[in-house]
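The sequence and structure come first, followed by the description.

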Amino acid sequence: MNIKLLIYTFCILSLANLKAQETDALEFLDEVIAHHDPNNNWATFNGDLIVTMSTPNKKDRITDIHINIPKSTFVLSNVVEGKKHTTKIVNDSVHFFVDDRQIVNNVEQKKFKFTTKRALFMRNYYTYLYGLPMKLKDKGTIVDPKLYSKKINKKWYKVIKVTYDKEVGKDTWYFYFNPKSLDMEMYQFFHDESKNDGEYILLSNIEIINGVRMPAVRAWYTNKDNKLLGTDVLTKK
């Protein structure tokens, strides 16, 4: 074979292999999204959830959540010192209530610890976590094209690494999937990976809620010392 043709053929094959490696994670992401949300129900999700948060040495906290994706509506309620505190967000318009009485006065909002910044954070927090892995398709998400494998406690996982545009977030995230069932069984984030800071979250007890597979139990631990921070248990309202 002509040496130039041989080199050319090798280069073409190498580029093809490189391209295949680069698309591995993106292709796998499509697979796991199809598994968790086979009928694309998250895009039209309209449902109510109850999250019970258990934290060591603290009383359990029960939070009622309403998410309506098509109407860009998010409502969060819990009981604080015998009073029902509710935050309602429509698009980015935030409204606060105590026992169904709207709190518009800044002094009262401060008294009840209502802030717009906190309200928007909680909306983004809950819609992100319960919208995974579909949320990894959101604008500003940077999916590492390489699909990783990692062994934890004698079990292998397929791992997707994600970072974000600086306007969206600064953390580095890893999402761990069972290679056989395709269930998401853990995720992990670092503020600074070189310091091994941040947390990892173990996921279990899959529930089907409005056609979307969601882990009902999330146990939060520190990366550095494996300290249990708390456990969230999800139930459908």
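A residue is called buried under 20% relative accessible area, exposed over 50% and partly exposed in between (1.4 Å probe, protein chains only). The model is predicted, so local features need pLDDT of at least 70 and side-chain atom pairs count only at pLDDT 80 or more, while totals for chains, interfaces and linings use all residues. Residues are numbered from 1 along each chain as its sequence is written, and side-chain values use heavy atoms, with hydrogens and water left out.

A search of the whole structure finds 18 aromatic pairs. Rings of Phe, Tyr and Trp (its six-membered ring) pair if their centres lie within 6.5 Å; planes under 30 degrees apart count as stacked, over 60 as edge-to-face and the rest as tilted. Two stacked pairs share Tyr 125.

| Stacked pair | Centre to centre | Between the planes |
|---|---|---|
| Phe 121 and Tyr 125 | 6.1 Å | 25° |
| Tyr 125 and Trp 220 | 6.3 Å | 25° |

Phe 121 and Tyr 125 lie four residues apart in helix H3, about one turn of the helix. By contrast, Tyr 125 in helix H3 and Trp 220 in strand S13 (residues 212-222) are 95 residues apart and link distant parts of the chain. Helices (H or I, at least four residues) and strands (E, at least two) are DSSP runs, numbered from the N terminus.

Are these residues buried or exposed? Phe 121 is partly exposed at 47% relative accessible area, as is Tyr 125 at 24%, whereas Trp 220 is buried at 9%. One aromatic cluster includes these three together with Phe 74, Tyr 126 and Tyr 130.
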